[in-house]
Amino acid sequence: MSKTLVAYFSCSGITEEAAKRLAAAAKADLYKIEPKTPYTYADLDWNDRNSRSSIEMRDFSFRPEIVGGVHNMASYDTVFVGFPIWWYVAPNIIKTFLESYDFTGKTLISFATSGSTGIEKADAVLQAFCKSPKWKSGKLLNTMTDADLADWVKELGLL
């Protein structure tokens, strides 16, 4: 029987709520990707070119440190990776997460939340960045109902 993990990064709680709903639909374990230095609301002000998130997103090599980790990653066959969309892509902390594990033989599936941007560019960037696993195209979960989530999980062949 395959085992599924929903790993997510969330600052405001919106992506966290989506991750919890997805984990319930997929009967998956849940893991929160937590930065060593938590983000404040001022850090997330995308209108401020000097805010922490603005500075980080201009530096493609920047990798925020993560607290803790998934202690049993080898036991998972499928890993959903969730995040809010920042500047049309995943926050750099997602790259930190992806660089922290060997995903050989695993299927990765992204999911995101966004106020106005689609997931296509974020998907393409992540798939180019982390080439070893098998990727399946992700979805925005903002407006998906629990029934929609259940249908998606079935389409993916996870139930």
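**Aromatic pairs, cores and a pocket**

Mentor: This is a predicted model. The count of aromatic pairs comes to nine.

Trainee: How do F9 and Y39 sit to each other, edge-to-face or stacked?

Mentor: Edge-to-face, because their ring planes stand at 70°, over the 60 needed. The ring centres are 5.8 Å apart.

Trainee: Where in the chain do F9 and Y39 lie?

Mentor: F9 is in the loop between β1 and α1 (14-26). Y39 is in the loop between β3 (34-35) and α2 (52-58). The pair therefore ties together parts that are 30 residues apart in sequence.

Trainee: Are those two buried or exposed?

Mentor: Both F9 and Y39 are buried. Ring pairs also link F9 and Y39 with W86 and W87 in a cluster.

Trainee: What about F97 and F103?

Mentor: That aromatic pair is tilted, with 50° between the planes and 6.1 Å centre to centre. F97 and F103 are buried too.

Trainee: New topic. Which residues touch the most other members in the largest nonpolar core?

Mentor: M73, I94, F97, L98 and F103, out of 30 residues. Helix α3 gives the largest share of this core, four residues.

Trainee: How many of the lining residues are charged?

Mentor: None; the lining has nine nonpolar and 10 polar residues.

Technical notes:
Residues are numbered from 1 along each chain as its sequence is written. This is a predicted model: local features need pLDDT of at least 70, side-chain atom pairs count only at pLDDT 80 or more; totals for chains, interfaces and linings use all residues. Side-chain values use heavy atoms; hydrogens and water are left out. A nonpolar core is a set of buried Ala, Val, Leu, Ile, Met, Phe, Trp, Tyr and Cys residues joined through side-chain atoms within 4.5 Å. Buried means under 20% relative accessible area, exposed over 50%, partly exposed in between (1.4 Å probe, protein chains only). Helices (H or I, at least four residues) and strands (E, at least two) are DSSP runs, numbered from the N terminus. Ala, Val, Leu, Ile, Met, Phe, Trp, Tyr, Cys and Pro count as nonpolar, Asp, Glu, Lys and Arg as charged, and the others, Gly among them, as polar. Rings of Phe, Tyr and Trp (its six-membered ring) pair if their centres lie within 6.5 Å; planes under 30 degrees apart count as stacked, over 60 as edge-to-face and the rest as tilted.
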